[in-house]
Amino acid sequence: MSKDLSQVSMEGLKLPDFVGCTLYVNLHNNRILKGSLMALDAQLNLLLDHVQERAGDGNRRTLGLVSVPRKTIQAIKVPQAELNQLVQFKRNLLKNVV
Amino acid sequence: MDLEGKLKNLDLEFNRDGLFQDGIMEEDLVDVTQFFDDSASSLQTKTIIKEPNFNLFEGTHSLEVENKKLDSTSIQLTPAEANFECNALYGSDEKHQLSYVVGILDRLVRSVVCWLNDYQTLPTTVLSCRYVEHLLLESEKKGQLVFLHTGHPLFDQILCSGIYGVCYFARFVQRLLKAGVIFEEEDLNFNGMGLNFLSYVEDGNSILSLLQESIRIASLCSDSEVLIHILKLLIHLVSIEKCLDEFSTDVSHLNALIEEATYLSQQPQLSNLEIPAGSFSIGIQRRLSNQFPPKSLIIPPRNYEGFIVMAQDLKKVLQVDNANTMMEIMQFANFFNKFEQRHVLARALFPLFLIRDNRTILGRYTLSEFTHGHLLEFSLMCTMEVDFPPEITEQPLMEAANVLFEWYQNTSQNTSRYRQGYNRQLLLWDSLQAQIEAMEVEWLSKDSDAAAIDYVEMKEGEEPTPLLPYTSWVYAMKVRAMIEFILKGFDLQVYKPFETYTMYWYTYYLAHQWEICLKKVQKFVDSKINAIHGLNKKVKKSKSGEKRELLKAQYRFAMDNHMGQLQVNKRFLQYLIVESSIFKSLSIAQVFQFGILTSYGLIDNKSPAKNNFTTNELLYNLRMKPFCSIGVPELLPYELMESTFKEFVPDEPMFTIKLNKAMECLHKELNESKLNVEHILKCIQGGDNNGVLVTATRLVKSEATKFYEGVKTSIETLETNSKKIQSTLGSKRSPSLREKYAVQLQFCEGGSSFFPVLSLTSHTSKKSHINQK
């Protein structure tokens, strides 16, 4: 079971900070995509690159550059470790700026 | 095993857990959906956040999930396709089992034709076979060939070996593609879906043994004749790689391939064969790595003839090995792929067979010998520079070899890339000319004896010009490339009808420049031939015995070593001069025809499209852009094109007289070009010992004949078309003609695509034609 957002500090993070990040996107039929976030728009349609797919039957394969419309998305997830790094990076950045 | 394979094995050993075997488990993930939703809701509607280096244009190539046209995961398979079991035995009895195996192999082999001859993709043809996918995946895991376990040799042995035969042949195709002489998607599709095409198999012998053994087993079954023929066909397919591995010119395998394909194409029972349900499907596009949208399954037509085309084209390529001279190699390259595009494998094989990995040409010439040979057979023979020490000439010859190889590689390209290749070559030839000319002048100026420079006196009383044999050859190659570049534009329908005048006017200019260069070299060759004959006269006149003997020896040496080549060079140059004359005549005829049509107000050399953002001069400069950085022949300015154009348009006063004069000139040029083409055709048929022209087309006789026959057909069509225009339009101009007719560029059947016809089409028929469409 993935962690709930309330359990994690997202302090100071904004959407642009996730660009380049590895996302795990849950779709229908237990399908999961893993890829680097290249772009997103205000409707939260995502463009992921170097996408790997895990189908409902467990079959894994590579798909390359994939666009994921918001309506198809059930959940967007980020590895805890990567999220921590993002938060830390942002914190340091802000500290230096101040 | 290649590096990729080793890495994959390492990856297998290091088997990690997690959703994607990346060590990350579900509980390591944080759900940020709500955060993303909340943040996105505060963005302005048109906002796009993107990675700074990412170009959104690339995004247009992305695959959209849950879009049936783009998402291969949405492919729906039938239960038989989805659950197809390769290790099951299909067929209730031996007869049915045999029928299934023949059916699968027949379809697979025909899929190869669809893939290579019809430019279909690999996943929709060969890889649509479930057995191919299964065996390649399983074999890769083990790093060796694995077999089915149905318990029946028809499947476990024969079907497997047949499939490995096809896969091994695909590996050879992949090798040709990786050599970089043909292009993915453009020439053929090798979307291997991440499968390893038998890289762990050392050579074809193991596959050949499997196939031979399968033939032995098959021969024990009754009614297995067709199966044996399919297996034999596969043996010959697998053996094709010898053309590249051993540069073997033995065509017995190709002949046998043709025989097998002919036999199989005559077997009507093959069309009625069933295959196990689900054995061919588009499932692989859903199962394996795939960066492309779903594509429909290709049902191969009954088409074994495709193998015949392939084998014949490969045999043609191997014939280049019989070339005796550089002229023959060059003419081979010039014609073998010119009139009709050859099979993709033949086009890929040609440059690899000619220019070999061991840096030799056909295994016979070093790179500099090859280039030097081209020069000797054009302009270098009997010049002062022919004896220059290699330390001086080596470097420029290597430079020239690189550009010459570009030319050779380009000749086997597909019809569209062929023109692009010329475009790139123009700059290479031009910069080579600049380098080599500077070097040549330097060599000659260093020589204290000014008489060392070879001069040519073009006309009596005129200042002689230096021959510069190296530069002359490069220049001739460059101008020829420029002509091909322009004329190929007509073939590819790059030009609009209004540009016809400009492009043919320019072709005429280039052909004229080419002709001047050729005539200069020929004049020099002539002078050398005359000098040798002169020696003989001197021998006869000489009274002193010692001097006489010396002259006699000189004469004999020249006759034995130089005269033969000089005569061949002279006649080959004469052939090129006749060809340049054909280009000139046909180009100017097209210019006259354009002028006549302009005089009736039916066409103009200016763009008919009204556009505030461009001018006709800009369009002209854009069209001539590939030539703008070329030093010689210099780019002709727009103003000159405009001023000469007016001279080709008959106008008042005395319109009718001027029109008749233009018609007369047009027909005179067409007649002249027809005579020249017939002359060349006669010499091609007669062979090079005709004493007039050397065409060096011995190895490409039928291809060269087809090309010039095509030009002849075009000349006849231009003639008929011009008469038709004349009779339709009469000799009086009228503004209403413009409402009635339009001018189009049309290709004539069997004609040369370099010279399409400016034909009249009536507006009414054009409209009805569009309506019909």
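**Conventions.** I note that the model is predicted, that local features need pLDDT of at least 70, that side-chain atom pairs count only at pLDDT 80 or more, and that totals for chains, interfaces and linings use all residues. Residues are numbered from 1 along each chain as its sequence is written, chains are lettered from A and ligands numbered from 1 in the order in which they are written, and side-chain values use heavy atoms, with hydrogens and water left out.

**Entry on strand 2 of chain A.** I took helices (H or I, at least four residues) and strands (E, at least two) as DSSP runs numbered from the N terminus. Two strands count as paired if DSSP finds at least two bridges between them. I looked up the pairings of strand 2 of chain A, which spans residues 32–41.

- With strand 1 of chain A (residues 22–26), strand 2 runs antiparallel, and 5 bridges join the two. A:Thr22 faces A:Ser36 across this pair.
- With strand 3 of chain A (residues 46–54), strand 2 is also antiparallel, and the pair is joined by 7 bridges. Here A:Leu37 stands opposite A:Leu48.

I then examined the turns. Strands 1 and 2 of chain A form a hairpin with 5 residues between the strands, in which A:Asn29 has a positive phi near 55°. The hairpin of strands 2 and 3 of chain A has 4 residues between them, and A:Leu44 in its turn takes a positive phi of about 65°.

For burial I used these classes: buried is under 20% relative accessible area, exposed over 50%, and partly exposed in between, with a 1.4 Å probe and protein chains only. By that criterion, 10 of the 10 residues of strand 2 of chain A are buried. I recall that side chains in a regular strand alternate between the two faces of the sheet.

**Entry on A:Leu93.** I located A:Leu93 in helix 1 of chain A, residues 80–97. Is A:Leu93 buried or partly exposed? A:Leu93 is partly exposed, because its relative accessible area is 43%.

**Entry on chain B as a whole.** I recorded 28 helices and 9 strands in chain B. Its C-alpha atoms fill a box of roughly 100 × 80 × 60 Å, taken along the principal axes. Of its 773 residues, 54% count as buried. Contact means heavy atoms within 4.5 Å. Among the contacts in chain B between residues at least 6 apart in sequence, 79% join residues at least 24 apart.

**Entry on B:Glu669.** I found B:Glu669 in helix 25 of chain B, residues 655–686. Why does B:Glu669 count as buried? Its relative accessible area is 18%, and B:Glu669 is therefore buried. Neighbours within four places in sequence aside, B:Glu669 is in contact with B:Ser585, B:Ile588 and B:Ala589. I also checked B:Pro390, 279 residues apart from B:Glu669 along the chain, and the C-alpha atoms of the two are separated by 46 Å.

**Entry on strand 9 of chain B.** Strand 9 (residues 757–762) is largely enclosed by the rest of the structure, because 5 of its 6 residues are buried. I found 6 bridges joining strand 8 of chain B (residues 741–746) to strand 9, and the two run antiparallel. B:Tyr741 has B:Ser762 in strand 9 as its bridge partner.
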